[in-house]
Amino acid sequence: MEFEFYSNLIDRYDSLKYEILKAQTFSEEHYGFLPIYYKVMESDRTRVSAFTRAFDHYDFTDKIVCEAGVGTLALTKHFLSKVKKAYLIENNPDLKNFIQEELEKNGWQDKVEVIFGDAMKVGLPEKVDYIVGELMSIYCGNEYQVQIFKNLRKYLKPDGKLLPEHITNVVQLANIEFEKEHKHYPINFTRHLPEQLSLHQVVNEIDLYQVEELKVKKTLEITPLLSGTVNSVYMHSMVQVAEGCNFTGTDSLMPPTVCKLENPVQVKKGQSVRLNVEYEFGTSLDEAKFWVE
Ligand SMILES: C[S@@+](CC[C@H](N)C(=O)[O-])C[C@H]1O[C@@H](n2cnc3c(N)ncnc32)[C@H](O)[C@@H]1O
């Protein structure tokens, strides 16, 4: 039947609304992500190509590279054949055999040191030219991108580079119905987009070479373009992996996300309001606070 697959998908749109949220949740119980999330990440060409373009932007030939959180080597396999030496860090024990088998299959084992441990704590035996780490989540709210790069950048040569290097987080005032048990959810299908009542505004910029403070506390002045009820914020993260090699969020990584306000408020087109934002890197968006006054 024509459109059979599409028709089946439409029937499931609503039940799929929270599937990425469930699949992406980092769980202490299984020491990392579920196998389904690796599949989501590997199959996302937009996400992978943001990194492969950045690898091409620099020249990794004969360089010393460290990658944190290598997962199923979806990014790693694009640079390993070129480099002189690589330190690969991963703390999900379920991936140990897979990583070792892949390295042996490709004959990379002699130039690779695999460190099974916590990238927030491990040390490296020498300085490196590049540090790669895709441990990102929207606003760096859930994952430990900031903490991990704070630890590893000590081992970067003076002219070395971090990939990614810079993240800009932006916000819009929004309104959407939430199911009771959820405080936030990433957008999987555009029909779950909230009504957006203002333009994007910058909340904070994260310079991964410099960032020290883990807590973010901001107040923004926002002028709504529409009158109505605001009960949430609509969040995007814009990532510079390398200059000119950008990533602005897909369903597999930093999906644009809706997060509830502490309390709903009425706003009027053209009358500015103050949006307060408080959250901490590497905690949970369930603990993040957004409120309008
Ligand atoms: C978002 S996934 C990305 C995987 C892979 N880099 C890719 O792009 O396909 C992040 C990976 O980092 C690992 N990870 C998370 N926190 C870590 C930590 N503190 N130390 C080492 N690995 C970590 C997770 O187990 C997961 O495999």
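Predicted model: local features only at pLDDT ≥ 70, side-chain atom pairs only at ≥ 80, totals over all residues.

Reply: The relative accessibility of Ser232 is 0%, so Ser232 counts as buried, the cut-off being under 20%. Although it is buried, the side chain of Ser232 has a polar partner, since it makes a polar contact with the side chain of Asn231 at 2.9 Å.

Strand β2, made of residues 85-90, is mostly covered, with five of its six residues buried. On one side of the pairing list, strand β1 (residues 64-68) and β2 pair in the parallel sense over five bridges, and within this pair Cys66 stands opposite Tyr87 in β2. Strand β3 (residues 112-116) also pairs with β2 in the parallel sense, over five bridges, and here Ile89 stands opposite Ile115 in β3. Helix α5, residues 96-105, belongs to this arrangement as well, because β2, α5 and β3 together make a right-handed β-α-β unit.

The ligand is the next subject. It is surrounded by 21 residues, and the closest are Tyr38, Arg47, Gly69, Glu90 and Asp118. The residues of this shell divide into ten nonpolar, five polar and six charged. Looking at individual atoms, an oxygen atom of the ligand is 2.7 Å from an N or O atom in the side chain of Arg47, while a nitrogen atom of the ligand is 2.8 Å from an N or O atom in the side chain of Asp118. For Glu67, an N or O atom in the side chain is 3.5 Å from a nitrogen atom of the ligand. The ligand has 600 Å² of accessible area on its own, and the protein covers 99% of it.

Some details of the backbone also deserve a careful reading. Leu73, which lies in the loop between β1 and β2, has a phi near 65°, a positive value in a residue other than glycine. With a relative accessible area of 3%, Leu73 is buried. Cys140 likewise has a positive phi, of about 55°, although it is not a glycine, and its place is the loop between β4 (128-133) and α6 (145-152). At 0% relative accessibility, Cys140 counts as buried. Another backbone feature is the cis peptide bond that joins Leu163 and Pro164, where omega is about 5°; Pro164 lies in the loop between β5 (156-163) and β6 (166-175).

Finally, consider strands β14 and β15. Strand β14, residues 273-280, is joined to β15 by four bridges, and the two run antiparallel. In this pair Asn276 stands opposite Trp291 in β15.

Technical notes
Residues numbered from 1 in each chain as written. Heavy atoms only, no water. Near = heavy atom within 4 Å. Polar contact = N/O pair within 3.5 Å; in protein donor to acceptor, adjacent residues only side chain to side chain. Areas by Shrake-Rupley, 256 points an atom, 1.4 Å probe, with all protein chains shown as cover. Nonpolar A, V, L, I, M, F, W, Y, C, P; charged D, E, K, R; others polar. Pairing = 2+ DSSP bridges. Buried < 20%, exposed > 50% of the residue type's maximum accessible area, 1.4 Å probe, protein only.
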